[in-house]
Amino acid sequence: MADPGRPRPDRPHEPTVALPVLGPRPAPAPAPRRRRITDTLTARAVLVTCAVALVSVLVTALVAVPLAVRGAERRDQAALAAQARLAADVLRVRPVRQRDAAGDRLIRQLRQQEIEVYVVRAGTVDRPGLPRQVVNRISAGKDVSGRRLVDGRRALVEGRALPGGDGVVLTRATTSGPWREVLRSLWLPLLAGLAAGLAAGLLLARRLARPIRHAADAAARLRAGDRAVRVPVEPPDEVADLAYALNGLAAALATSEGRQREFLLSVSHELRTPLTAIRGWAEALADGVIGADEAPGTGRTMLAEAEHLDRLVSDLLALARLEAADFPLEPVPVDLTRLAVDAERTWSDRCAAVGVPFRLEAPDTSVPAYTDPGRIRQVVDGLLENALRVVPPGAPVVLAVRPAGADPAAGGVVEVRDGGPGFTDDDLAVAFERGALHQRYRGVRKVGSGLGLALAAGLVRRLGGEIVAGHAVEGGAAFTVRLPAHPYLTRTSA
């Protein structure tokens, strides 16, 4: 009889099994859009720093210009006061009515400096334009200093009283000259501020853009498949956080892809085993090596391998569809006690056939839960299948059901325990990851495809519950499933 474990060399190659994609496919990268110069961080940083410099200069001007103008006016007022005292001293040398040529010459010089001179004689000003209040004050023997309306224009006024109700008043019109002078002097600081803002913006932009460009390059290399890329960590803290995040993402992707490769290798091995057996027996039948009396046994062997293969493919398809929104779920009120009793009828015989005692721990009353009975039975069967695979003869397998709390609204708990080799604490941390335990214990003890626990965890989460792996009092592993008692919001991701 042909060896069923080895394919015949004259047969075509074994068929390639296409595995479903376990997880969402990455979205295609968006087409790059055309960039404008203002879209770059450098340009925006330069614009912002220049704007800040411009605003700083303008704010400084708003505060400094009035102060400078008032200072200039105070200087003009003091100069005008000094000239008024000088004029009064000159005119005081002789009586005002007999003013000599020195006084006339002083008045002409002052008028050449755009200073108007008004002479008050016995309470009467020599020409119109001077406010009456100023004339009356001078006639009363009091000096005048300040700003007044002179001949309809605002002017600086300095008046000095002389004996006999006489006096001299000097006025100078206030013009926009100080404002123009101060504003003209702002051009240089403004240009200097803009230049400083431009330089600071360029330096700041280069400092900030460099780590961002590094991060963008690293992200592009990650997208291209380079998992060894790392981003240098440098200040400030926000940039360092970005580098840490990208480096962590690269490490996580490398770990995830490594596990995925191991998982696919394991699944490929599991698929190849029944396929090879089926092909070997089929070749033996085709070649006439197997007689008629051996045909029924061969058929049963091929049927068992085909069922094994069908379970593997069904688990793969269920895992691939588990995260899709259209995964079928039909939650209804369920009595977990009744579900456990139904499972006992099936599994007690299977366990007894291999010398493993099966025990059911369930209350006499119902344990209500709101779940999909078919899916939760699938979870229970998967957990019992895993337990039966690893427990030695004589070690127990326990199916337990109990309320989650004293309040019936707390939901119910289904627990599968065994007396097998159990798991380490490190195993419990990755118990529900696809293929993790399969990879660790392949060749050490009996293992399945590595899909069962991942599928069970995904189903329980979609059913609104939670599943926890732990250590059993029987010495092996314990899997505890908590289910809600009332309708829940269906989860769309496992």
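Residues are numbered from 1 along each chain as its sequence is written, and side-chain values use heavy atoms, with hydrogens and water left out. Because the model is predicted, local features need pLDDT of at least 70 and side-chain atom pairs count only at pLDDT 80 or more, while totals for chains, interfaces and linings use all residues.

**Stop 1: strand 10**

Select residues 412-418, which form strand 10. Helices (H or I, at least four residues) and strands (E, at least two) are DSSP runs, numbered from the N terminus. Is strand 10 mostly covered or mostly uncovered? It is mostly covered, with seven of its seven residues buried. Here buried stands for under 20% relative accessible area, exposed for over 50%, and partly exposed for values in between (1.4 Å probe, protein chains only).

Colour the side chains by direction. G412, V414, V416 and D418 point one way from the strand, and V413, E415 and R417 point the other way. Both sets are buried.

Two strands pair if DSSP finds at least two bridges between them. Select residues 397-403 for strand 9, which pairs with strand 10 in the antiparallel sense over seven bridges.

**Stop 2: three phenylalanines**

Ring pairs link F423, F432 and F479 into a cluster. Rings of Phe, Tyr and Trp (its six-membered ring) pair if their centres lie within 6.5 Å; planes under 30 degrees apart count as stacked, over 60 as edge-to-face and the rest as tilted. By this rule there are two aromatic pairs.

Why is the pair of F423 and F479 edge-to-face? The ring centres are 6.1 Å apart and the planes stand at 75 degrees, so the pair falls in that class.

F432 is buried, like F479.

**Stop 3**

Move to the open sheet of five strands, whose order is 2-1-5-4-3 with antiparallel pairing. Which strands stand at the edges? They are strand 2 (124-125) and strand 3 (144-150); each has a single partner strand, so one side of each is left without a neighbour in the sheet.

Select residues 116-121 for strand 1, which runs antiparallel to strand 2 and is joined to it by two bridges. V120 stands opposite V125 of strand 2.

Next, select Y118 and R127. The charged end of R127 sits over the ring of Y118, 4.2 Å from the ring centre. A charge counts as over a ring if NZ of Lys or CZ of Arg is within 6 Å of the ring centre and within 35 degrees of the ring normal.

**Stop 4: salt bridges**

How many salt bridges does a search of the whole structure find? The search finds 14. The criterion is a side-chain nitrogen of Lys or Arg within 4 Å of a carboxyl oxygen of Asp or Glu.

- Select D226 and R221: their side chains meet in a salt bridge at 2.8 Å, N to O. D226 is partly exposed at 26% relative accessible area, and R221 is partly exposed at 42%.
- Select D381 and R377: the closest N and O atoms of this salt bridge are 2.9 Å apart. The two residues are four apart in helix 9 (residues 373-390), so about one helical turn separates them.
- Select R482 and E466: the closest N and O atoms of this salt bridge are 3.9 Å apart. The pair links distant parts of the chain, with R482 in strand 12 and E466 in strand 11 (residues 466-471), 16 residues apart. R482 is partly exposed at 36%, as is E466 at 42%.

Finally, select R359, E361, R402, E415, R417 and E474, which salt bridges with shared partners join into one network.
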